[in-house]
Amino acid sequence: MHEVRPGGWKLPADRPNYGALLGIGSQMLVGVVAGWFCGEWLDKRFGWSPWGVVVCTLLGVAAGMYLLIREGIRINKDPSDPKPPASGGK
């Protein structure tokens, strides 16, 4: 039988967290697909074909990139430094 640890299941430090990577990819995919559907609706509603799909899909890609960059910054933050870096160049 498997031993149940009191702190719950934890990955060893040398194993990558594939769930987090899958989540980032899913966010990108959902943004692009949602943009495409929104663009299709706008094209049919207002007759803007193909500009609704193009613009909304690009907005979906931009939103996905924003989330990707934000997650990368969060992962690379130094946990021992509680204060964020001051902005303004001073």
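Predicted model: local features only at pLDDT ≥ 70, side-chain atom pairs only at ≥ 80, totals over all residues.

**Labels and the values behind them**

Me: Why is Phe46 called partly exposed?

Reply: Phe46 has a relative accessible area of 44%.

Me: What makes the pair of Trp41 and Phe46 edge-to-face?

Reply: The ring centres are 6.5 Å apart and the planes stand at 85°.

Me: Is Trp48 buried, exposed or partly exposed?

Reply: Trp48 is partly exposed, because its relative accessible area is 44%.

Me: Now the helices. How do you know that the length of α1 agrees with its number of residues?

Reply: Helix α1 runs over residues 18-46, which makes 29 residues, and at 1.5 Å a residue they should span 42 Å. The end C-alpha atoms are 42 Å apart, so the two values agree. After α1 comes Gly47, whose phi is positive, near 70°.

Me: How does the reach of α2 compare with what is expected at 1.5 Å a residue?

Reply: α2 has 26 residues and reaches 37 Å from its first C-alpha to its last, close to the expected 38 Å.

Me: Which residues of the two helices are buried, and what do they pack against?

Reply: In α1 they are Ile24, Gly31, Gly35, Gly39, Leu42 and Asp43, and they pack against α2. In α2 they are Gly52, Val53, Cys56, Thr57, Gly60 and Gly64, and those pack against α1.

Me: Why does Thr57 count as buried?

Reply: Its relative accessibility is 19%, and buried means under 20%, so Thr57 counts as buried. Thr57 sits in helix α2. Leaving aside neighbours within four places in sequence, Thr57 is in contact with Val32, Gly35 and Trp36. Thr57 and Gly35 are 22 residues apart in sequence, with their C-alpha atoms 4.4 Å apart in space.

Me: What makes the approach of Thr57 to Val53 a polar contact?

Reply: A polar atom of the Thr57 side chain lies 2.6 Å from the backbone oxygen of Val53, and the cut-off is 3.5 Å.

Me: Are Cys38 and Cys56 buried, exposed or partly exposed?

Reply: Cys38 counts as partly exposed because its relative accessibility is 37%. Cys56, at 10%, counts as buried.

Me: Last one: how do you know that Glu71 and Arg74 meet in a salt bridge?

Reply: Their side chains come to 2.6 Å, N to O, and a salt bridge needs the nitrogen within 4 Å of a carboxyl oxygen. A search of the whole structure finds one salt bridge. Glu71 and Arg74 both lie in helix α2, three residues apart, about one turn of the helix. Residues three or four places apart in an α-helix point the same way, because there are 3.6 residues a turn.

Me: And are the two partners buried, exposed or partly exposed?

Reply: Glu71 counts as partly exposed, because its relative accessibility is 21%. Arg74 is exposed, with a relative accessible area of 52%, since exposed means over 50%.

Key: Residues numbered from 1 in each chain as written. Heavy atoms only, no water. Helix = DSSP H or I, 4+ residues; strand = E, 2+ residues; numbered from the N terminus. Expected span 1.5 Å × (residues − 1). Buried < 20%, exposed > 50% of the residue type's maximum accessible area, 1.4 Å probe, protein only. Contact = heavy atoms within 4.5 Å. Phe/Tyr/Trp six-rings, centres within 6.5 Å; stacked < 30°, edge-to-face > 60°. Polar contact = N/O pair within 3.5 Å; in protein donor to acceptor, adjacent residues only side chain to side chain.
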